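Trainee: I have a model open and some questions about it. Can we go through them one by one?

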Amino acid sequence: MQRIKPFDHLILILGALFLIAPVVMAIMSSTQNAIDIHTNGLYITPGSNAVATYGKVLTHKGGFTGDVTGLRMLMNSMIMGIGFAVGKIVLSMMAAYALVYFRFRFATLLFWMIFTTLLLPLEVRIMPSYQVMSTLGLLNSYTGLIVPLLASATGTFFFRQFFRSVPDEMLEAARIDGAGPFKFFIDILVPLSRTMMAAIFIIMFIYGWNQYLWPLLMTTDESFYTLMRGIKSILQVWIGSQIPDYNEAFALAVLAMVPPVAVVVIFQRMFIKGLTESDK
Amino acid sequence: MAKLSLKNVGKTYAGGTLAVSGVNIDIADGEFIVLVGPSGCGKSTLLRMVAGLETITDGEIHIGERLVNQLDPAERDIAMVFQNYALYPHMTVRDNMAYGLKNRGASKSVIAERVAEASRMLELGPYLDRKPRALSGGQRQRVAMGRAIVRQPAAFLFDEPLSNLDAKLRVSMRMEIRKLQKRLGTTSLYVTHDQLEAMTLADRLVVLNEGRIEQIGAPLEIYRRPASTFVASFIGAPAMSLLDAHIDAGAITLEGHTLARVGNSAGPVTLGLRAEDLHIAARGVPMAVEHVEELGAQRIVHGTIGAQTLAVIDAGDQQVQDTVQVSIDPARLHLFDTTTGRRIENRLHTAVHEPAL
């Protein structure tokens, strides 16, 4: 047992408080009403408006057309997050499988070409991408929102490195056991990659969940609103003497935080379990 | 169960490196053949060519009556045990063993029956539902064996299966493998760099050096009549001492000492002496002792005669002197050509009972 050092703990506690303070403020403020926040600033004590605020945020039909609820936005964000994560994992695993296990010409060159796309952020190619989607008639659709961003250099890179670390004997044993390329992938590689998949799921879910610019561009139909756009639109009502619904914005922000946190907590456990259990 | 035949088999890598060449082996049904040699001698490559994991660039390999050069590993009717076991870590022991059968479309009842039989043979019953990581090295090795057995293949291929185990376990697994192979009667090809493992397991040994066969034969035959200096120094521990000697006028002389009379023609020869054929005696060739390895039951005395080193096994328990007299049984001399390293039959005339020393 190590001796407890009070000073070290003090620093840790202060650090934890510092990091957690904004989150606490957001949660607490979301339970007050808008006028109190406007006059008194942010709160660190709970108010009495929690049920009303969250109820309103989830079910109130808002937006210009007045038919998009918080629940709807939550669902859209969820579709984006899961669609991104699952799609990217499937695509990049298949790409990495081909790169690692099939000997074809220029495989390394191809890999590096994919890899260099990491250097180009979405914003660089956002207009051409938009144009392609619009020509294909995929604006205002989930397909259009998700598919163009599925190719993932990061994912391909991670899976490629992982597949290369799988011992060759595993492939040879499987070949002798009569497993063809497809069976080897499904029966051996996919189960072995669970840890990797969990890690990439965390990253890609949050990436998809936090998308703002792309959905903004791709969708004009409010039924495709995501939470990120919802928060923004609540704060945009500063017209005349109207006070923005700070509490609702905070409530939405809190709601927007919950799924990523849940994903991290759940998958991190799987991730760590995978790490400690794995022996190849 | 099948014969295995390798006809003039060779392997040249794309870069032009010659890994294996001109290998001819005929393996009888049920025979246990061990390929042995130092690392880089091509023994693993040869095994992998039989398995179908490496392409065959020269010659033909037949398993049973079938020419398998162009067949996939799965179609060759062989099973392989790998050095690092290569068990599927996410599958239970049972699934590991069943996987190959499942892929071949065996029925559930057949799979269950074969797995049960193999696990009984290998005493794996209690571990069937465990994952490989929950097993010890020896148990993993058994699972790898089980995976081969359930398939009931024409031949087993072993690629240094015991080298990841500790010394004690290696000895007991060695015996188990041999017993199992005898019981099943499956033709086996086994690769190892451990000459002791090779000697104890094999019906016949194949000693490889630089991609070529140096000698094929029963372990004792190879031990007693090594075909070349390479085989002589590779098989047996401590290694056979190889000394420069001369034949002059029908007498073998080593550093001026006459050892035996032979009918071979005059000239330089390489003299091979096994440590256990030499004795420390009251009279003999004087050897300067350099160091002594105590093994308990016996000791190995390393020393020099003139400038040449040799090892002698001594079972006595007296203190070893700085200089000892080594007696050499002329009937146990090995002679090799100095340039080619091939064995020369020594035509012994009369042993020099009283060494003229």
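Trainee: How many helices and strands does chain B have?

Mentor: Bear in mind that this is a predicted model. Helices here need at least four residues, strands at least two. On that count, chain B comes to 8 helices and 22 strands.

Trainee: What share of the residues of chain B counts as buried?

Mentor: A residue is buried if 20 or more other C-beta atoms lie within 10 Å of its own. Chain B has 357 residues, and its C-alpha atoms fill a box of roughly 75 × 45 × 35 Å along the principal axes. The buried share is 39%.

Trainee: Is B:Glu160 buried or exposed?

Mentor: B:Glu160 sits in the loop between strand S7 (155-159) and helix H5 (167-184) of chain B. Its phi is near 40°, a positive value in a residue other than glycine. Buried needs 20 or more neighbours. B:Glu160 has 20 C-beta neighbours inside 10 Å, so B:Glu160 counts as buried.

Trainee: And B:Glu123, buried or exposed?

Mentor: This residue also has a positive phi, near 55°. B:Glu123 is in the loop between helix H3 (108-121) and helix H4 (137-150) of chain B. The cut-off for exposed is 12 or fewer neighbours. B:Glu123 has 11 C-beta neighbours inside 10 Å, so B:Glu123 counts as exposed.

Trainee: Which peptide bond in chain B is cis, with omega near -5°?

Mentor: Look at the loop between helix H8 (229-234) and strand S11 (241-248) of chain B. B:Pro238 has its place there. The cis bond runs from B:Ala237 to B:Pro238.

Trainee: Which element gives the largest share of the side of chain A that touches chain B?

Mentor: The contact takes 17 residues from chain A and 18 residues from chain B. On the chain A side, helix H9 (168-176) and helix H10 (181-192) of chain A each give two or more residues. By class, that side has 8 nonpolar, 1 polar and 8 charged residues. The largest share, 6 residues, comes from H9(A).

Trainee: Over which residues of chain B is the pLDDT below 50?

Mentor: The mean pLDDT of chain B is 88, and 97% of its residues reach 70 or more. One stretch falls below 50, and it has 15 contacts in the model beyond near neighbours in sequence. Where pLDDT is low, the predicted coordinates should not be read in detail. The stretch is residues 351-357 of chain B.

Note on methods:
Residues are numbered from 1 along each chain as its sequence is written. Chains are lettered from A and ligands numbered from 1 in the order in which they are written. This is a predicted model: local features need pLDDT of at least 70, side-chain atom pairs count only at pLDDT 80 or more; totals for chains, interfaces and linings use all residues. Two residues are in contact if their C-beta atoms, placed from the backbone, lie within 7 Å. Ala, Val, Leu, Ile, Met, Phe, Trp, Tyr, Cys and Pro count as nonpolar, Asp, Glu, Lys and Arg as charged, and the others, Gly among them, as polar. pLDDT is the predictor's confidence in each residue, from 0 to 100.
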